[in-house]
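Morning, everyone. Please have the sequence and the 3D view open while I talk.

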Amino acid sequence: MTDPYPLTMGQQFGRRSWAEPWKIKMVEPLRMTSRGERERAIAEAGYNTFLLKSEDVYIDLLTDSGTSAMSDRQWAGMMLGDEAYAGSRNFYNLEDAVRMHYGYKHVLPTHQGRGAEHLISRAAIKQGQYIPGNMYFTTTRLHQELAGGVFVDVIVDEAHDPASRHPFKGDVDLNKLEALVKREGAERIAYVSLAGTVNMAGGQPVSMANLRALRALCDRHGIKIYLDATRMVENAFFIQEREPGWADWSVAAILKEFCNCTDGAWMSAKKDNLVNIGGWLAVNDDELFEELRNLVVVYEGLHTYGGLAGRDMEAMAIGIAESVRDDHIRARIGQVRYLGELLTDWNIPIVQPVGGHAIFLDARRFYPQLAQVKFPAQTLAAELYLDSGIRSMERGIASAGRDPKTGDHYYPKLELTRLTIPRRVYTQAHMDVVAESVKAVHDAREQARGLEIVYEPKYLRFFQARFRRLQD
Ligand code: P70
């Protein structure tokens, strides 16, 4: 007999419910559209969700980048902007926050993550050098290539398998790295490019044990490790939760310990750090810092503002302190996991285990009838928008781009559609609506015919590419 009483969400999942450690003070109305309006909008956008107008979107899961809700304290901090060209007090607050929570010696603000990637790539890569990393990221790899470097993927094989339940799919395969060093020589390695919760792998973390072993290997060869700290707080949460020996440490302490094993970091503060714009670059080495501090004035702005307003730096300093709190990060990852558990229970193919910032639908298994050149993940993003106005992002063959040498597509093993959850923005009821829409699209999966590309720009094509629907 079915239970006559409705169950809370927590009870349905066999546990006590948790709730967000905040309440809502200001709301932004959402607009719902009709099917006809959405058909027009997505056709006008060339079936690329990046080209939709935000006004035509109902629940926006394009990205967690710059889309977080700021706290009342951060908004209060915005009013304390010291908009001096040089030496703004907000810069010193930011510097203190990065030093305190990430632990690096020297700090430079940048307009966002790719500004910092540009500077570190220019300063630390010599023509023809290799940059081994735990899976590529689009902007990171492009800046490394523009600086004359060659990216080499040295992530563990499990990262390329959406079904593998390895708890640390972001780990570096030390044998792959050692083989590269042996083959090319340590002097041909610019540095190791290590990312916390690897975005393109599904938000998968790196373990502390792996980092320590990587540090030992790099020390033997005199190789530096620079960290993409964009979602490193989320990574620290997974270490606390999953890695033996870390359960009694706070997320803040794990974060600092992790960074302590690296030589520097770049940051898109639009993610973990809870701001709508901003980034930073931090290193320990005095000489490298000297070079970076010189480059920042050429490409970003003076070294005490780096392309940001004083108020943005203040919001970032406050956001950093909020982002490392255990209650914040538990609720953030808990919400992503809630959506992931619903979809898993409904047998919808997603990357397992559920990562930090997003649910990644496995478009290959979703649409087995579509060859990769028919852009299955892009198709899925378009279908989801058509069903409900939910916006997601392709992370497959369109994102991977083309091999600069052969001109052919890169064919990534992972063909994914990302449902990215902004921080502190949507409620559990929104997650239910998302799950139901994914299920509706899954139920209609046999009708999908795929897309063909009709326009693509030279760099980072996925942002502006246009597609056409295939009929058969
Ligand atoms: C996303 C955003 C940005 C990002 C990142 C990692 C691990 C650096 C950056 C760059 C925005 C984005 C960027 C390229 C393609 C699609 C979307 N990721 N490292 O949505 O930082 O955007 O501040 O320059 O995830 O994942 P920024």
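Start with Leu274: at 0% relative accessibility, this residue counts as buried. Buried means under 20% relative accessible area, exposed means over 50%, and partly exposed is in between, with a 1.4 Å probe and protein chains only. Phi of Leu274 is near 65 degrees, a positive value in a residue other than glycine. Where is Leu274 found? In the loop between strand 6 (264-268) and strand 7. Helices (H or I, at least four residues) and strands (E, at least two) are DSSP runs, numbered from the N terminus.

A word on the source. This is a predicted model, where local features need pLDDT of at least 70, side-chain atom pairs count only at pLDDT 80 or more, and totals for chains, interfaces and linings use all residues. Residues are numbered from 1 along each chain as its sequence is written, and side-chain values use heavy atoms, with hydrogens and water left out.

Now strand 7, residues 279-283. Strand 7 pairs with strand 1 (residues 106-110) in the antiparallel sense, over five bridges. Two strands pair if DSSP finds at least two bridges between them. Look at His106: Val283 in strand 7 stands opposite. Is strand 1 covered or open? Mostly covered, with five of its five residues buried. His106, Leu108 and Thr110 sit on one side, Val107 and Pro109 on the other, and all are buried.

Next, strand 10 (416-420). Five of its five residues are buried. Leu416, Arg418 and Thr420 point one way, Thr417 and Leu419 the other way. Which strands pair with strand 10? Strand 8 (358-362) does, antiparallel, over five bridges. Strand 9 (residues 393-395) does too, antiparallel, over three bridges. Find Thr417. Leu361 stands opposite Thr417, and Thr417 is also the bridge partner of Glu394.

Go to the loop between helix 13 (326-345) and strand 8: Pro353 lies there. The peptide bond from Gln352 to Pro353 is cis, with omega near -15 degrees.

Now move to the loop between strand 10 and helix 17 (428-443), the place of Arg424. Phi of Arg424 is near 65 degrees, again positive in a residue other than glycine. Arg424 is buried, with a relative accessible area of 17%.

On a 1 Å grid over the protein atoms alone, a pocket is an open set of points where a 1.4 Å probe fits, with protein on both sides within 12 Å along at least five of seven lines; lining residues have an atom within 4 Å of a point. Grid points are joined across faces, edges and corners, and a volume is the space filled by probe spheres set on the points.

The largest pocket holds about 1,700 Å³ of space. Of its 39 lining residues, Met26, Ser68, Ala69, Arg424 and Val425 are the closest to its centre. Helix 3 (72-78) and helix 13 each supply at least two lining residues. Helix 3 gives the most, with three. By class, the lining has 17 nonpolar, nine polar and 13 charged residues. Ala, Val, Leu, Ile, Met, Phe, Trp, Tyr, Cys and Pro count as nonpolar, Asp, Glu, Lys and Arg as charged, and the others, Gly among them, as polar.

The second largest pocket holds about 970 Å³. It is lined by 34 residues, and Arg141, Glu145, Ala400, Arg402 and Tyr410 lie nearest its centre. Helix 6 (138-146) gives the most to this lining, with five residues.
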